[in-house]
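Trainee: I am new to this one and would like to learn how to read it. Could you walk me through it, step by step?

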Amino acid sequence: MRERITLSEQKASISELEELNLQSAKLAETYRTIFYKVDPALVFDLVTRLQQDPKNPKPMYTVEVFTKEGTDPQKSRDHILKTTGSVLAIYDKGTHYVSHHPLNLDILKKLNDIDYVLEVMGDYTGSGASIGPQHDIGDWKKIKDKVNNK
């Protein structure tokens, strides 16, 4: 038999869902404030993986860093190498850097805060090798705009 749900129980359920939406929006805004140059999907994915598997404090990601044109590629390479501890490949005339390494929020924040960095994107790779460059500058903003304009 189907259980009857009272009107007050329905309202309570709706209230819980509204609260969930509100908390999710606050969390997303916090991500955007702290990691304003990072693809929000990367931040969400990393935070979720860190919470789900606390024994793996640095899951493996292929991380792509996009820099301003005219930035010294050797300076950028050295800075990103120092930040990530990983050798990286350089693309797009020295404005697109790709590395494969363990990632945590501290490393992501350091990449976010480099003054000549425009954007940071990335993909979880688990224990596999780097998947190489997968993104173009502005990809995550294009996806966000497409969703917002529906």
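Trainee: Where does E64 sit, and is E64 buried or exposed?

Mentor: Keep in mind that this is a predicted model. E64 belongs to strand β1. Its relative accessible area is 0%, and buried means under 20%, so E64 counts as buried.

Trainee: Which side chain does E64 join in a polar contact?

Mentor: The partner is H96: the side chains of E64 and H96 are joined by a polar contact of 2.6 Å.

Trainee: What about V63, and which residues does V63 touch?

Mentor: Here is a general idea to start from: in a regular strand, side chains alternate between the two faces of the sheet. Now the case here. V63 also has its place in β1, which spans residues 60–67. V63 is buried, with a relative accessible area of 0%. Setting aside residues up to four places away in sequence, V63 touches Y97, V98, S99, H101, L103, L111, V120, M121 and G122. Take V98 from that list: V63 and V98 are 35 residues apart in sequence, yet their C-alpha atoms are 5.7 Å apart in space.

Trainee: How many residues of β1 are buried?

Mentor: Seven of the eight are, so β1 is largely enclosed by the rest of the structure.

Trainee: Which strands pair with β1?

Mentor: One is β3, residues 96–102, which pairs with β1 in the antiparallel sense over seven bridges.

Trainee: Which residues of α4 are buried?

Mentor: First the general idea: an α-helix has 3.6 residues a turn, so residues three or four places apart point the same way. In α4, residues 105–112, the buried ones are I107, L108, L111 and N112. They cover an arc of only 140° around the axis, which puts them on the same side of α4. Look at the start of α4 as well: a side-chain oxygen of N104 reaches to within 3.1 Å of the backbone nitrogen of D106.

Trainee: Which residues of the largest nonpolar core touch the most other members?

Mentor: In soluble globular proteins, nonpolar side chains tend to be buried together. Here, the largest nonpolar core has 21 residues, and V65, L103, L108, L111 and V120 touch the most other members. At least two residues of this core come from each of α2, β1, α4 and β4. The most come from α2, which gives four. To see one member in its setting, pick L108: leaving out residues up to four places away in sequence, L108 touches F35, V38, L42, V43, L46, L103 and V120.

Trainee: One last topic, the backbone. Which residues have a positive phi although they are not glycine?

Mentor: Most residues other than glycine have a negative phi. D92 has a positive phi of about 50°, and K93 has a positive phi of about 55°. D92 is in the loop between β2 and β3, and K93 lies in that loop too. D92 counts as partly exposed, at 48% relative accessibility, whereas K93 counts as exposed, at 85%.

Conventions: Residues numbered from 1 in each chain as written. Predicted model: local features only at pLDDT ≥ 70, side-chain atom pairs only at ≥ 80, totals over all residues. Heavy atoms only, no water. Buried < 20%, exposed > 50% of the residue type's maximum accessible area, 1.4 Å probe, protein only. Contact = heavy atoms within 4.5 Å. Pairing = 2+ DSSP bridges. Polar contact = N/O pair within 3.5 Å; in protein donor to acceptor, adjacent residues only side chain to side chain. Arc of directions from axis to C-beta. Core = buried A, V, L, I, M, F, W, Y, C linked by side-chain atoms within 4.5 Å.
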